[in-house]
There are 2 protein chains.
Amino acid sequence: VRVQVLGSAAGGGFPQWNCACSGCDGLRSGAIIAAARTQDSLAVSVDGQVWYLLNASPDIRYQIESCRHLHPRPGAARGSPIAGVVLTNADLDHCLGLFSLREAQPLVICATSAVKKALVEHNVIYRTLERFPGQIHWVELEPGRRVALRTPDGTDIGLSIEAICVPGKAPQYLEGLVAPDPEHNVALLIREARSDRSLVYMPGVGGDAPEVRRLLAAGDLVFFDGTFWSEDELSVLTPGARLAHEMAHWPLAGENGSLEVIRANCRGRCLLTHLNNTNPLLRADSDQRKALLRAGISVAHDGMELLA
Amino acid sequence: VRVQVLGSAAGGGFPQWNCACSGCDGLRSGAIIAAARTQDSLAVSVDGQVWYLLNASPDIRYQIESCRHLHPRPGAARGSPIAGVVLTNADLDHCLGLFSLREAQPLVICATSAVKKALVEHNVIYRTLERFPGQIHWVELEPGRRVALRTPDGTDIGLSIEAICVPGKAPQYLEGLVAPDPEHNVALLIREARSDRSLVYMPGVGGDAPEVRRLLAAGDLVFFDGTFWSEDELSVLTPGARLAHEMAHWPLAGENGSLEVIRANCRGRCLLTHLNNTNPLLRADSDQRKALLRAGISVAHDGMELLA
């Protein structure tokens, strides 16, 4: 499986538009050793000709232009190599980019029924993706069922996908409106048909669970939720801010942190993604980054090209 | 009035994500003399410390990071110099960026009642801007009434704004759902209180009208709809595509084009913005660009700093 890291930051990116914390301000001024990051998204392919995006971030236009593989072929006016998008949840940092893919291009969108519902129902702006019959072909992901990824005209691209419910929650804009539903947040297990090599993508993991451990062991290449280093990372900076677990993210450090579980269960290569602008791992010279490397885990960065 | 051009392209930007026309492809490959453009937006200020955005494009995160004046002040964790946003219509290329301004920052949004309704009603994702009481302070623009622009805490920033209905239409995602309403598309007349210098911003003008001519004469600095050079610009490339006037944009060239009306009525400096990726004006060496310059009109470009 060919993988392009399009974005590796949590919602808001790094730096964040209205934040002048030591990280965001240090990045702008050059005072820290760190790289700018757009919001979490991957592109996957077998042949490098046809691609699927995993999540559609608000930075999608910039991300597509930054990745030459995703440019339309010369001579083909509407010939984008992007066949479709798979969504892991309906958070705006994973979905808002869909509304930037509206120029006369048929697309497949794969999502669970709960995620589809959050976007399509009760959002009149979704009609921008209904400009012509067949513009969006929805594929409903049933947890645990493996389906082949296809182009809008039905050609199998050589990858299968399976959605697995992992701890999470409904997007913030639905809070108080919908009942908890495990299908609001899934991890993705993607397998290449001809080689059986596998990619696991889980940018949002709210806590430990048997499925999470199974997925860590299943992937040749694993992208894991690196949002927060510690549980109280936000409230240390902004008194009253929510804890990591209240935002459905499992912090890496600490006695019950994800780091130990990753190390104990992951058999392939593990990269962290969806890093929040407060995460000390953003700094290449932080003690936390050194500890991570010693544990054999890396931080994904925008523009990375990988092979699962 | 201090003005920063944040973006100068029509919806989709230049290049467009799925387009490999001679312009988009030529820009990517370096075969043409042209600059990349993000989607149409301006920032305005009197003192350079407090700013208002005119329209909120999908490229907003990139645009804010590209403009040092809009960075939060060091030491102020949530100290964005952006006090608010004024919307000229509810088209997604002018509004989608609002959903990227959701991180614990009070903001003023100024719009007509029809534009506010399009966004707030029937879009559950709008709740992302209702995370805490007072997050968004809406100012309803009544056409023809001049109001002072203020920070969310009520401080007058020294600019007044007046919305004027100009020919246009409802956003495409509302087609068939709402009755035509002149308040779906407005131009903005912005005056500096202490100097009475004025900026006119009209990125979407569907055709000739007395108000348009009056506004052309009223501005010391005028940004005008430069979407299409000719009426059949799209259908020449893509048979069956809509004509300029069907998309509520007044083409520049031709016997009844806007160029002659601009030249006859504008007394200040005029810049074109909201250029579509098909517009020959995008090429710095095109005959059309030369003709424009001979008429005393310029093309706005991303990053431009101006004083009205």
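Between which two strands of chain A does the loop with Asp196(A) lie? In this predicted model, Asp196(A) is placed in the loop that runs between strand E9 (186-192) and strand E10 (198-202) of chain A. When neighbours within four places in sequence are set aside, the contacts of Asp196(A) are Arg146(A), Arg191(A) and Asp220(A). Gly168(A) lies 28 residues from Asp196(A) along the chain, and the two C-alpha atoms are separated by 28 Å.

Asp220(A), one of the contacts of Asp196(A), also takes part in a salt bridge with Arg267(A), in which the closest N and O atoms are 3.2 Å apart. Asp220(A) is in the loop between helix H5 (210-218) and strand E11 (221-225) of chain A, and Arg267(A) is in the loop between helix H7 (258-265) and strand E12 (269-273) of chain A, so the pair ties together parts that are 47 residues apart in sequence. The two partners fall into separate accessibility classes: Asp220(A) counts as buried at 16% relative accessibility, whereas Arg267(A) counts as exposed at 51%. A network of salt bridges links Arg197(A), Asp220(A) and Arg267(A).

In chain B, a salt bridge joins the side chains of Arg197(B) and Asp220(B), with an N to O distance of 3.5 Å. Distant parts of the chain are linked by this pair, 23 residues apart: Arg197(B) sits in the loop between strand E9 (186-192) and strand E10 (198-202) of chain B, and Asp220(B) in the loop between helix H5 (210-218) and strand E11 (221-225) of chain B. Arg197(B) counts as partly exposed, at 38% relative accessibility, while Asp220(B) is buried, with a relative accessible area of 15%. Over all chains, the search of the whole structure finds 22 salt bridges.

The contact between the chains was examined next. Chain B contributes 57 residues to the contact, and chain A contributes 57 residues. About 4600 Å² is buried between chain B and chain A, with 55% of this area on carbon and sulfur atoms. Within chain B, the most area is lost to chain A by Trp17(B), Asn18(B) and Arg61(B), which together account for 20% of what that side buries.

Four salt bridges are found across the interface of chain B and chain A. One joins the side chains of Arg28(B) and Glu65(A), at 3.0 Å from N to O. Polar contacts across the interface of chain B and chain A number 28 residue pairs, both residues of each being at pLDDT 80 or more. Helix H1 (22-29), helix H2 (60-66) and helix H3 (92-95) of chain B are the elements that give two or more residues to the side of chain B that touches chain A. The most is given by H2(B), with four residues. By class, this side of chain B has 26 nonpolar, 17 polar and 14 charged residues.

Beyond residues up to four places away in sequence, Gln63(B) touches Leu6(B), Gly7(B), Thr38(B), Gln39(B), Ser41(B) and Ser57(B). The side chain of Gln4(B) is in polar contact with the side chain of His69(B), at 3.4 Å. With residues up to four places away in sequence not counted, the residues that Gln4(B) touches include Ser41(B), Trp51(B), Cys67(B), His69(B) and Met304(B).

The structure holds zero disulfides over all chains. For Cys95(B), which is in no disulfide, the nearest cysteine sulfur is that of Cys110(B), 13 Å away. Cys95(B) is buried, with a relative accessible area of 0%. Cys270(B) is likewise in no disulfide, and the nearest cysteine sulfur, that of Cys266(B), is 4.7 Å away. Cys270(B) is also buried, at a relative accessible area of 2%.

Key. Residues numbered from 1 in each chain as written. Chains lettered and ligands numbered in written order. Predicted model: local features only at pLDDT ≥ 70, side-chain atom pairs only at ≥ 80, totals over all residues. Heavy atoms only, no water. Contact = heavy atoms within 4.5 Å. Buried area = accessible area lost by both parts, 1.4 Å probe. Polar contact = N/O pair within 3.5 Å; in protein donor to acceptor, adjacent residues only side chain to side chain. Nonpolar A, V, L, I, M, F, W, Y, C, P; charged D, E, K, R; others polar. Disulfide = S-S within 2.5 Å. Buried < 20%, exposed > 50% of the residue type's maximum accessible area, 1.4 Å probe, protein only.
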